[in-house]
Number of protein chains: 2
Amino acid sequence: MSFTPLLQRLLTALCCLPGVGRKTAQRMALHLLEKDRDGGQTLVQALSDALDGIGLCEQCRMFAEDSTCPICAGSRRNRSILCVVETPADVIAVEDSASYSGVYFVLLGRLSPLDGIGPEELGIETLERRLSSGEIKELILATSATVEGEATASFLAGLAGNHNVKVTRIAHGVPVGGELEYVDSGTLSRAIGSRTLFDS
Amino acid sequence: MSFTPLLQRLLTALCCLPGVGRKTAQRMALHLLEKDRDGGQTLVQALSDALDGIGLCEQCRMFAEDSTCPICAGSRRNRSILCVVETPADVIAVEDSASYSGVYFVLLGRLSPLDGIGPEELGIETLERRLSSGEIKELILATSATVEGEATASFLAGLAGNHNVKVTRIAHGVPVGGELEYVDSGTLSRAIGSRTLFDS
């Protein structure tokens, strides 16, 4: 059926959410209008405030409500280790693993010349300023294990070499809890190639 | 990790959408903030306008931007047949089937004394006014085939009886394209009980 103009506009707008298609948008719109108008108003306000109030941290390009994010502003972080990731979601994932106490740098993308994404778009200038400050002793490259992620890692390794900073890459191999049978061959060949001395 | 206050509020607000849990809300929020701030602004505006501008049709309680909905205002609908459904989504489903040219009445719920939903909440007064106007010749009960839906249908049938309106119920049985093997026994027993003369 043809929807009324306002409803049609709402459906189109909801489709900009990831994973939301036509049918899901309809279910969301009808739910909000029929059963949860207060929730809708709360969402309008929360989204509007978030879009206005959340910017990027000056130091690491993570989402921040002030000029620096809580991680960069934190007093208990080790500022001599810098972990480079592609997205804010990666920072959240690493933080959730509770295995890292250094600071971050978020590229907000990865090198992709075909899409017009070069070093400027990734804030490399800011990263270089931090590397040249002498505060950073180790740069951990945690970009994804894709072709573009690896290219980005190589580029960053070259950059860090100019500043005499130790460069490491996170390990790639068989996931913990994974059975060999179900691991893809690319991961498996990498796991064998990067084998380490057994630590008993 | 602990999110900043604005982001936390946005995550909580997104969780009011049906089918959206913690993880999906996070993915949506990061997507909007990182890659589609324009889409976010559009959503804020569209949702806000929809909540303000969409009300209920005076005649059928379907969503409407004016006092009557496009269906009730339409000149080509058969006003002597009234189909009673539970939700606006049901109207959309029937309209999409392109098998009905009458008008509707939306209950916005079903009788459920335990949840405090009685005839007043379902707009029965409005429905009764329409039944007593003499314009309606047939009332089609298209409430769902659940216990509460059936109870609601019985109640409405009694109501229509008082006004000498013919009452029909949509057929329940084996879905078109369905194989008997996979049909649940309740549906199958209903399909056998409601068998009709074979029309060759």
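Colleague: How many cavities of 30 Å³ or more are counted here?

Modeller: A cavity is a set of points, on a 1 Å grid over the protein atoms alone, where a 1.4 Å probe fits but cannot get out. By this rule there is one of 30 Å³ or more. The model is predicted: local features need pLDDT of at least 70 and side-chain atom pairs 80 or more, while totals for chains, interfaces and linings use all residues. Residues are numbered from 1 along each chain, chains are lettered from A in the order written, and side-chain values use heavy atoms, without hydrogens and water.

Colleague: How much space lies in the largest cavity, and what lines it?

Modeller: A volume is the space filled by probe spheres set on the points, joined across faces, edges and corners; here it is about 80 Å³. Lining residues have an atom within 4 Å of a point; among them are A:Phe3, A:Leu7, B:Phe63 and B:Ile71. By class, eight are nonpolar, two polar and none charged.

Colleague: Which residues of helix α5 of chain A are buried?

Modeller: Buried means under 20% relative accessible area with a 1.4 Å probe, protein chains only. In α5(A), a DSSP run (H or I, at least four residues) spanning residues 88-96, these are A:Pro88, A:Val91, A:Ile92 and A:Glu95. They line one face because their directions, from the helix axis to the C-beta atoms, fall within an arc of 100°.

Colleague: What covers that face?

Modeller: Contact means heavy atoms within 4.5 Å; the cover includes β3 (78-85) of chain A and α2 (22-35) of chain B. Strands are DSSP runs of E, at least two residues.

How values were computed
Buried means under 20% relative accessible area, exposed over 50%, partly exposed in between (1.4 Å probe, protein chains only). On a 1 Å grid over the protein atoms alone, a cavity is a set of points where a 1.4 Å probe fits but cannot get out, and a pocket is an open set with protein on both sides within 12 Å along at least five of seven lines; lining residues have an atom within 4 Å of a point. Ala, Val, Leu, Ile, Met, Phe, Trp, Tyr, Cys and Pro count as nonpolar, Asp, Glu, Lys and Arg as charged, and the others, Gly among them, as polar.
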